[in-house]
Amino acid sequence: MSLEVRIEGLSVHYGGTAVLEPTDLVLPAGSFTALLGPSGCGKSTVLGAVAGFVRPTSGRVSAGPQIVRAPGPDRGVVFQHYALFPWRTARGNVEFALKRFGLPRAERRARALAALAEVGLADGAEKYPAQLSGGMQQRVALARALAARPEVLLMDEPFGALDALTRTRMQNLLRGLWQRSGTTVLFVTHDIDEALALAGRVVVMGGAPGKVLADHAVPDGPADPDLRALIAGHLGA
């Protein structure tokens, strides 16, 4: 299941200071879109508004037929920092996130184990965060979001703290999960190569206040060096 996300005239001010100029984007149901840009360009603000964490100063965000006014179970969020409870096992962390749905304990356990298996961590279900590597902890965070069966998955630089090899593995894992599930994904990154490896569309942001600088479809197949160079040019890289 997936939802279309519509961002219409979205602007955000903090304390009278504009951080995001009026922005319009449509994320088709089942699409994978990367928001790419340097720190402070508003990309996390856009993601936060879709998540329901950030209140628009003007404009609106909708997920399917509903206007976004607060966080909801239709939208799962994964951050760079894992935010796992150290006193709970991997399974316990995922189960805890399911308590808000009022599910029976047996169903919470089954869904948690299924989500951990989906991210390749079935053997680590009973381990505590301190017993897991950074990549494994991020898998738990991803499983926690997936267990709720969201129709939109929002990811804010989730692999930024990982080493290069683990990061590549997590990118491959995420790409495979998306291809199987068809969930609408919005992925924030400052890494051009990561955006091109994962997304079918790259929206380049920049400036202060932030704004959309360019919007590019990413063709299937090997990385296109000309497209990479074009995007780097937008960023002044």
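Serine 62 touches Glu4, Val5, Arg6, Glu8, Ile67 and Val68, where a contact means heavy atoms within 4.5 Å and residues up to four places away in sequence are not counted. This is a predicted model, in which local features need pLDDT of at least 70 and side-chain atom pairs count only at pLDDT 80 or more, while totals for chains, interfaces and linings use all residues. Residues are numbered from 1 along each chain as its sequence is written, and side-chain values use heavy atoms, with hydrogens and water left out.

**Setting of Serine 62**
- Serine 62 lies in strand 4, which covers residues 58-63, strands being DSSP runs of E with at least two residues, numbered from the N terminus.
- Serine 62 has a relative accessible area of 6% and therefore counts as buried, the cut-off being under 20% with a 1.4 Å probe and protein chains only.

**Fold and dimensions**
- The chain contains 7 helices and 10 strands, helices being DSSP runs of H or I with at least four residues.
- The C-alpha atoms fill a box of roughly 50 × 40 × 30 Å along the principal axes.
- Of the contacts between residues at least 6 apart in sequence, 68% join residues at least 24 apart.

**Burial and surface**
- Buried residues account for 50% of the 237 residues in the chain.
- The chain exposes about 11,100 Å², of which carbon and sulfur atoms supply 54%, with areas taken from the Shrake-Rupley method and a 1.4 Å probe.
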